[in-house]
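Please work through the exercises below with the sequence and the 3D view side by side, trying each task before you read its solution.

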Amino acid sequence: MHDSIVRIFVVLLLFVFFPGVGAPLQGAENTENYIYSLKIDGNTINLNPPAVITANRALVPLRFMAENPVLDGQVYWDQKNQKVAIDCRGRYIELFIGQESARVDGLSRRLETAPFIWKDRTYVPLRFLAENLGGVVYWDAAKRGISVDFNYKPLVFAYYYYSPMEEVKSNIGLFTDIAFRWLSADGNGNLHYDYYDQYSQKIQWVQSQGVRAHASVALMDRDELHKLLNNPGNRHTLVQQLAKLVSDYAYDGVNIDFEFIAPADGPAFTEFLQELKSALGPGKILSAAVFARTGKENWAVAYDYAAIGRTADLVVVMAYDYRWLNSEPGPVAPLWWVKEVAAYMQSQMAGQKILLGLPTYGYDWSSDGSAKTVSLSTLKQLKSQYQVVERFDQNSFSPYFTYCDQQGSCHEIWMENERSLNSKVAICLDQKLGGISFWRIGTGFVDLYKVLDQVKSVK
């Protein structure tokens with residue numbers, strides 16, 4: 001493919017020297033708006049003339065593309081209509097100098113910034129062009145860096161907790177990352193193992209299969225979290241223990257799962273993540289799990305999503321528990337809600353950092369007022385005991401099950417299946433998020449592996 005990729009850039013190089021009439025570039029003379037390098041599929045490209053930021057959008061001289069083999073197609077210049085047409089990767093894109101409208105495969109598309117000619121070079125909006133050709137554009141505000149990835153592959157980040165290793169081994173090729181949830185923390189900043197599980201051997205085996213291993217640490221007590229986060233000494237103790245743990249066991253990163261933080265302790269949580277990221281150093285991945293949010297909620301939350309997105313390398317968005325044990329029966333992760341969560345989270349942080357969390361469990365609500373968590377194996381056992389009726393709710397795009405037990409209590413179970421999970425994974429793939437995460441591997445939820453087989457085939 002790379003031989004043909006070169007062709008489009010040679011044609012693009014010719015195009016930039018065609019004359020044209022461009023709109024004036026507001027603020028272009030301000031060198032703070034210049035970007036002198038970017039990365040394409042991991043390779044750094046030096047730009048001269050530079051890319052520029054105008055109207056909060058990056059525009060690039062087409063010549064930079066000509067110097068890097070990334071795409072595959074042909075470009076045509078229409079001098080009379082001041083139009084460039086790009087036939088590439090199965091798409092036909094038409095852009096017009098000075099106009100905020102374009103066409104993709106004949107369909108009209110709106111541009112937020114019009115193409116223009118400046119200093120004898122033709123500039124085009126990078127994100128629009130790249131995304132319509134199957135690429136993903138990443139902007140690092142802190143480093144003022146741009147990267148473009150034409151080889152999108154979503155991460156599959158699995159939590160391992162009290163799980164049979166056999167299930168991990170038989171499906172290892174479907175994961176990119178495994179977070180071993182062996183650890184918990186307390187308010188004094190001390191680490192504790194929840195159970196013994198042959199740590200070194202399992203970490204080494206997972207890594208030998210090309211899968212990254214993360215140390216996942218949980219703390220879900222509001223008072224203990226307050227004690228930990230608001231005491232710099234306690235935070236330092238935990239940060240140093242985690243840094244040593246990562247070094248001793250050669251983990252690839254740390255996953256922080258702190259839940260039920262008091263809203264007033266949110267800033268201290270952000271500080272903790274910043275301190276941990278600094279202590280881990282380059283090459284180690286920091287991920288943080290956060291509650292899902294759509295931005296429409298009227299309840300306070302401790303997470304400063306934007307700040308967490310700037311600090312952490314990956315953010316696990318727990319897009320589940322829309323309904324849970326203490327709520328009325330209903331879908332655990334309704335599709336319409338997950339879509340809203342994905343949209344809101346992308347307004348707070350870069351999409352490539354987001355791991356869309358999926359559940360492999362469900363809840364069984366009883367008419368006697370009790371409720372419990374269920375797994376697929378539990379559901380199978382109930383089907384062998386009772387007459388379980390399966391239905392599918394189109395509004396939430398979720399399956400649910402009903403049955404009555406021997407005591408006369410009627411039950412309602414909501415949990416995922418292959419069909420409902422596929423619809424949520426499609427959100428990740430369509431929007432090119434960083435990937436998916438799920439709680440958890442080891443429950444025998446075979447529908448998940450059917451979905452992951454499809455994720456693995458993404459090109």
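In strand 26, I436 has L356 standing opposite. The model is predicted, so local features need pLDDT of at least 70 and side-chain atom pairs count only at pLDDT 80 or more, whereas totals for chains, interfaces and linings use all residues. Residues are numbered from 1 along each chain as its sequence is written, and side-chain values use heavy atoms, with hydrogens and water left out.

**Exercise 1.** Find which strand pairs with strand 26 over five bridges in the parallel sense and holds residues 354-359.

*Solution.* Begin with the term: strands are DSSP runs of E with at least two residues, helices are runs of H or I with at least four, both numbered from the N terminus, and two strands pair if DSSP finds at least two bridges between them. The partner is strand 20, which is parallel to strand 26. Next, look at strand 13 (residues 155-160), which also runs parallel to strand 26 and is joined to it by five bridges. Here Y160 stands opposite I441 of strand 26.

**Exercise 2.** Decide whether strand 26 is mostly covered or mostly open.

*Solution.* Five of the seven residues of strand 26 are buried (under 20% relative accessible area, with a 1.4 Å probe and protein chains only), and the strand is therefore mostly covered by that definition.

**Exercise 3.** State which helix gives the most residues to the lining of the second largest pocket.

*Solution.* Helix 10 gives the most, with three residues, while strand 22 (371-374) and strand 26 (435-441) each supply at least two.

How values were computed: Buried means under 20% relative accessible area, exposed over 50%, partly exposed in between (1.4 Å probe, protein chains only).
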